[in-house]
Amino acid sequence: MKRIVIIGSGNVATHLAKAFAGVGCRIVQVYSRNSAHALRLASEIAAQPIDSLDRLVTDADFYLIAVADAAVPEIVEAMPAVSGIVAHTSGSVPLAALAGASGRTAVLYPLQTFTRDADVRIDEVPFFTEASDDRVLEDIDRFAHMLSQRVYHADSARRKTLHIAGVLSCNFVNYLWDCTAQVLAADGYDFSVVEPLVRATLDKAVALGPRASQTGPAMRCDVEVMREHMARLDPGMAGIYRDLTNAIISTHNLNCKL
């Protein structure tokens, strides 16, 4: 049984802690500076909750730092010397940020969106790893393979590219879905009415590629329709509509402009 310490208690920490516990690892401790948050997660995986890094055990196999990016240096500075691998889960924090934590450091970056109470198929999540040396890389890969077979290597520079891709494909798209939900709700419709459209769009983009799958009034240069759409939107959404439309027109070298 691998002995793991989880440093953090948010969305990523919660999902990964439960996933490792689910494959037979022993979660020794859960740290959060908020003792209630530490207790909440620890109680779900039979771990010891702690709210001070001074109480960290030093002989675990794996210390997983799953906190906000800006908090990683603070955690590293406050940790005692440990014998196990110390890894973070960030897409944008370099491996070098862990240098003061241990002689054995790594990154275990899951390219996925996590919300505490929303189920995620961990075995389908791509994990990207990096490590301080080849031996540690082998070890962190083994940890990753306990959760998923989709394990790849990415250094700090390439991981930033992946993080940008994640923001574009997830966070920005989700914001557009929120805009969609507001527009629909104004006329009494639920977001679920576009569910088949959303799923078909993703399936087609994966099958054909996003560029080949582009459709809509921008592709048809249907300027009058697009102007009518903008007139019905609030100024903020209208601006987004205009900018995205012009980006589609430019990308596809179409002979029109909104």
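**Cysteines and aromatic rings**

Author: Let's start with Cys-179, which counts as buried because its relative accessibility is 8%. Cys-179 takes part in no disulfide, and the nearest cysteine sulfur, that of Cys-170, sits 15 Å away. Cys-25 is another buried cysteine, at a relative accessible area of 6%.

Before going on, bear in mind that this is a predicted model. The protein chain averages a pLDDT of 96, and 100% of the residues score at least 70. Confidence is lowest in helix H3 (residues 72-78), where the mean is 95, and highest in strand E7 (residues 127-131), at 98.

Now for the bonded cysteines. Searching the whole structure turns up 1 disulfide, and it joins Cys-221 to Cys-256 with an S to S distance of 2.1 Å. This pair links distant parts of the chain, 35 residues apart: Cys-221 lies in the loop between helix H7 (210-213) and helix H8 (223-232), while Cys-256 belongs to the segment after helix H9 (235-251). As for handedness, the torsion about the S-S bond of Cys-221 and Cys-256 is about -75 degrees, so the disulfide is left-handed. The two ends fall into separate burial classes, with 20% as the cut-off for buried. Cys-221 is partly exposed, at a relative accessible area of 27%, whereas Cys-256, at 17%, is buried.

On to the rings. The whole structure holds 6 aromatic pairs. One of them is Phe-20 with Phe-143: the ring centres are 6.2 Å apart and the planes meet at 80 degrees, so this pair is edge-to-face. It also links distant parts of the chain, with Phe-20 in helix H1 (residues 11-22) and Phe-143 in helix H4 (residues 134-147), 123 residues apart. Both Phe-20 and Phe-143 are buried, and together with Phe-62 they form one aromatic cluster.

Tyr-109 and Phe-128 make a tilted pair, because their planes are at 40 degrees, with ring centres 6.5 Å apart.

Technical notes
Residues are numbered from 1 along each chain as its sequence is written. This is a predicted model: local features need pLDDT of at least 70, side-chain atom pairs count only at pLDDT 80 or more; totals for chains, interfaces and linings use all residues. Side-chain values use heavy atoms; hydrogens and water are left out. pLDDT is the predictor's confidence in each residue, from 0 to 100. Helices (H or I, at least four residues) and strands (E, at least two) are DSSP runs, numbered from the N terminus. A disulfide is a pair of cysteine sulfur atoms within 2.5 Å. Buried means under 20% relative accessible area, exposed over 50%, partly exposed in between (1.4 Å probe, protein chains only). Rings of Phe, Tyr and Trp (its six-membered ring) pair if their centres lie within 6.5 Å; planes under 30 degrees apart count as stacked, over 60 as edge-to-face and the rest as tilted.
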